[in-house]
Amino acid sequence: MKTFTKYALAAACLATTTSAFAPPALSGVQTTANTQLFSTVDDKTEVREYFNNEGFNRWNKIYSESDEVNTVQLDIRNGHDQTIQKILNWVEADGDIKGKTVCDCGCGVGSLAIPLAQMGAKISASDISDAMSTEAAARAKAMGIRNAKFYTSDLESVKGKYNTVTCVDVAIHYPTEKMAEMVGHLCSLADERVVISFAPKTWYYDLLKKFGELFPGPSKTTRAYLHKEEVVREALKKAGFEV
């Protein structure tokens, strides 16, 4: 029986929606009555362009040791670090990662892929942003890591079979009607385990997101999508994974 590990996106990231700077699409969200008319391709293009340009500059700084971050950005960094550490603790507790293959979709600057490689896993990591995947590869090389490959690709184009598939901070960019397809594809790549993060659609986060949209940031980012836990669970079960 396949297994599945699920966790909700760190609340600290969602709690910054009303600030001048926040995670992509939770600050500066351009929301209109026509939001649902945008196709996945439009979302994908938007995400790619953002994280290849201004988004890369912002998030590369946050996901580093730089002191040039404001209080909100520091909160985001700490929340992200806690999420990554939680996953690493799960993997360490299982005690079976050394020598196993891991596919990290939406790897960013390698926050998860690099420590997993240091634990002995064979890593294949991709990101839709060439700037992000290039930075991840550079960080891994600087640390002397040789068991990790980084490349540029959208999630739907990733192929192969891996013991574990991870996907952190990506579901937030997918409309709910497309999210199930994304989960299904991730599951098709995994033989043993899937780790996915998502921003939970609850009345509290719905309200927080709507309130944040009243105070857009100084520059456009990307749209954000919250997902009901039962929808994510159903998608995983449909793909043959035990929740």
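## Salt bridges and a charged patch

E192 counts as partly exposed, with a relative accessible area of 30%. Keep in mind that we're looking at a predicted model. The side chain of E192 pairs up with K100 in a salt bridge, N to O at 3.4 Å. That pair links distant parts of the chain: K100 is in the loop between α4 and β3 (101-105), while E192 belongs to strand β7, 92 residues away.

Let's step back for the whole chain. It has nine helices and eight strands, and 51% of its 243 residues are buried. Take the contacts between residues at least 6 apart in sequence, and 77% of them join residues at least 24 apart. The accessible surface comes to about 11500 Å², with carbon and sulfur atoms accounting for 53% of it.

Back to the charges. The salt bridge count is ten. One of them brings the side chains of D94 and R193 together, 2.4 Å from N to O. D94 is in helix α4 and R193 in strand β7 (residues 190-198), so this bridge ties together parts 99 residues apart in sequence. Another is made by the side chains of D154 and K44, at 3.2 Å from N to O. This one also links distant parts of the chain, with D154 in the loop between β5 (148-152) and β6 (162-167), K44 in helix α2 (residues 40-52), and 110 residues separating them.

| Residue | Relative accessible area | Class |
|---|---|---|
| K100 | 23% | partly exposed |
| D94 | 47% | partly exposed |
| R193 | 8% | buried |
| D154 | 15% | buried |
| K44 | 21% | partly exposed |

K44 is called partly exposed because its 21% is not under the 20% cut-off for buried.

Now for the surface. Which residues form the negative patch? E65, D67, E68 and D81 do. Of these, E65 is in the loop between α3 (54-62) and α4 (71-94), and its relative accessible area of 75% makes it exposed.

K61 itself is in helix α3 and is partly exposed at 32% relative accessible area.

Terms used: Residues are numbered from 1 along each chain as its sequence is written. This is a predicted model: local features need pLDDT of at least 70, side-chain atom pairs count only at pLDDT 80 or more; totals for chains, interfaces and linings use all residues. Side-chain values use heavy atoms; hydrogens and water are left out. Patches are made of residues with over 30% relative accessible area and no salt bridge: like charges are joined within 9 Å, nonpolar side chains (Val, Leu, Ile, Met, Phe, Trp, Tyr) within 5 Å. Accessible areas come from the Shrake-Rupley method with a 1.4 Å probe; for residues, only the protein chains shown count as cover. A salt bridge is a side-chain nitrogen of Lys or Arg within 4 Å of a carboxyl oxygen of Asp or Glu. Lys and Arg count as positive and Asp and Glu as negative; His and the chain ends are not counted. The place of a charge is taken as NZ of Lys, CZ of Arg, CG of Asp or CD of Glu. Helices (H or I, at least four residues) and strands (E, at least two) are DSSP runs, numbered from the N terminus. Buried means under 20% relative accessible area, exposed over 50%, partly exposed in between (1.4 Å probe, protein chains only). Contact means heavy atoms within 4.5 Å.
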